[in-house]
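Me: Hello! I have a model open and would like to go through it with you, one question at a time.

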Amino acid sequence: MGRIVYAAAMSHVLHPPYYEKNVGPHGKRMVEELIAVVRDMGRELAARRPDALVVIADDHLNVFSFDAVPAMCVRIGRSVSRMAQEGAIEFDRALDGLAERYPLHEDLANRILEEGLEAGFDFAASWSAPLDHAFLSPLTVLHGDRAMTPLVPFWVNCFVAPLPSARRCFAAGQHIARVVADGPWNVGVIATGGLSHFPELSLARVGESDPEFDRRVVGWMERGDHASLTALTTKELHATGSHELLNWMVLLGAVAPARARVRFFGEMGRIDLAALAWDH
Amino acid sequence: MGPLSRYDVNVLLYRLKKDAAFRDRFRRDPMDALRAAELSDDERDALVRWNPRRLNELGGSLHLLLSIPDLGAH
């Protein structure tokens with residue numbers, strides 16, 4: 001019987017130059033502190049010897065265009081490439097210098113997809129979608145010099161309305177936990193993104209975050225108050241710039257009723273950074 | 001959340017990010033690069049004048065507006 005042996009969620013632009021440019025020295029220092037915490041978490045992940053790592057993250061209109069944006073998508077196949085962006089600027093720079101290809105855990109990905117469709121989750125499937133910083137920035141920090149764990153990338157549409165509901169994302173996570181339990185593998189589950197930033201996805205409001213909202217949702221995670229978390233509406237997530245919490249909702253469904261331990265929480269102004277782990 | 005009908009603006013922003021040849025053409029002669037696009041006058045004007053804030057107000061994706069090489073809105 002399979003087990004979820006490690007579960008964590010964390011911010012996903014782990015790239016000090018980005019914060020130095022856009023926030024200043026204190027932003028750079030704060031993300032460097034977070035990176036040190038994520039490195040420690042990576043050592044804990046490695047000690048659990050996962051056979052596969054399900055990574056739940058969003059696309060920043062790098063992978064899916066406005067021609068088709070899946071609500072949730074499972075990456076299948078044998079390997080996955082890093083997104084290539086010539087002339088990369090801003091958060092895409094977090095990909096600079098990273099490896100070109102990464103292994104996938106084909107069997108687990110197929111089971112999540114196929115059993116999902118049987119269970120009523122109309123997941124999209126992709127054989128070719130590459131990974132952007134939302135996956136690779138935290139994954140490379142977590143793994144350090146160690147070989148990359150075979151991945152199951154799982155996308156949630158966090159930015160192109162209409163978004164899937166928090167409740168539906170949570171249910172997808174419960175589905176992933178059932179698939180893991182029915183399989184033979186030890187599996188890590190990582191969600192990335194957030195906390196609050198880019199409220200209303202408004203360019204005029206770039207630079208604002210909502211620390212009070214972030215403290216409240218992190219408190220709910222610490223207390224295992226999943227009813228309050230899944231009651232959050234996409235309107236609330238949009239208003240506060242908490243779109244990427246939808247990724248975390250999938251993880252919450254996978255680990256419920258576990259409570260989170262806060263490993264890092266930092267209020268930067270432009271964005272609030274965090275790393276949480278769940279004993280499972 | 002924002003309107004769903006801004007397909008054409010966002011297709012152009014996506015192309016500006018991903019297609020270097022189109023981006024060069026747009027920078028040389030934006031009116032010509034946009035000639036075939038189905039845009040409102042407001043959208044076309046915001047693109048030609050490269051007004052990222054206005055484009056965002058008109059439904060242009062924030063993440064695209066922030067990350068188009070040499071035109072990013074940061």
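Predicted model: local features only at pLDDT ≥ 70, side-chain atom pairs only at ≥ 80, totals over all residues.

Me: What share of the residues of chain B count as buried?
Reply: Chain B has 74 residues, and a residue is buried when its relative accessible area is under 20%. By that cut-off, the buried share of chain B is 46%.

Me: And among contacts in chain B between residues at least 6 apart in sequence, what share join residues at least 24 apart?
Reply: Here the pairs to look at are those in chain B with a separation of at least 6 in sequence. Within that set, the share joining residues at least 24 apart is 47%.

Me: Let's take helix 1 of chain B. What is the distance between its end C-alpha atoms, and what span should its residues give?
Reply: Helix 1 of chain B covers residues 7–18, which makes twelve residues.

Me: Which helices do the buried residues of helix 1 of chain B pack against?
Reply: The buried set in helix 1 of chain B consists of Val9(B), Asn10(B), Leu12(B), Leu13(B), Tyr14(B), Leu16(B) and Lys17(B). Their packing partners in chain B are helix 2, helix 4 (41–48), helix 5 (52–57) and helix 6.

Me: Is Asp70(B) buried or exposed?
Reply: Exposed means over 50% relative accessible area. Arg27(B), at 47%, counts as partly exposed. Asp70(B) has 60% relative accessibility, so it counts as exposed.

Me: How far apart are the closest N and O atoms of Asp45(B) and Arg49(B)?
Reply: Asp45(B) is partly exposed, with a relative accessible area of 36%, and Arg49(B) is exposed at 63%. The two form a salt bridge, and the distance between their closest N and O atoms is 2.7 Å.

Me: How many salt bridges does a search of the whole structure find?
Reply: In chain A, one salt bridge pairs Arg93(A) with Asp96(A) at 3.2 Å, N to O. Both of these residues are partly exposed, Arg93(A) at 41% relative accessibility and Asp96(A) at 43%. Over all chains, the number of salt bridges found is 18.

Me: Is Arg75(A) buried or exposed?
Reply: Arg75(A) sits in strand 3 (residues 72–75) of chain A. Its relative accessibility is 2%, and the cut-off for burial is under 20%, so Arg75(A) counts as buried.

Me: Which backbone oxygen atoms does the side chain of Arg75(A) reach?
Reply: Beyond its sequence neighbours, Arg75(A) has contacts that include Leu104(A), Ser126(A), Trp127(A), Pro153(A) and Trp155(A). A polar atom of its side chain lies 3.1 Å from the backbone oxygen of Trp127(A). At 3.2 Å, the side chain of Arg75(A) also reaches the backbone oxygen of Ser79(A).

Me: And His105(A): buried or exposed?
Reply: His105(A) is found in the loop between strand 5 (101–103) and helix 3 (106–118) of chain A. Its contacts include Asp51(A), Pro150(A) and Trp185(A). With a relative accessible area of 11%, His105(A) is buried.

Me: Last topic, the interface. How much area is buried between chain A and chain B?
Reply: Contact involves 32 residues of chain A and 25 residues of chain B. Carbon and sulfur atoms give 65% of the buried area, and the area itself is about 2,400 Å².

Me: How many residue pairs are in polar contact across the interface of chain A and chain B?
Reply: Salt bridges across this interface number zero. The residue pairs found in polar contact there number four.

Technical notes: Residues numbered from 1 in each chain as written. Chains lettered and ligands numbered in written order. Heavy atoms only, no water. Salt bridge = Lys/Arg side-chain N within 4 Å of Asp/Glu carboxyl O. Buried < 20%, exposed > 50% of the residue type's maximum accessible area, 1.4 Å probe, protein only. Helix = DSSP H or I, 4+ residues; strand = E, 2+ residues; numbered from the N terminus. Contact = heavy atoms within 4.5 Å. Polar contact = N/O pair within 3.5 Å; in protein donor to acceptor, adjacent residues only side chain to side chain. Buried area = accessible area lost by both parts, 1.4 Å probe. Expected span 1.5 Å × (residues − 1). Lists of a residue's contacts leave out its neighbours within four places in sequence.
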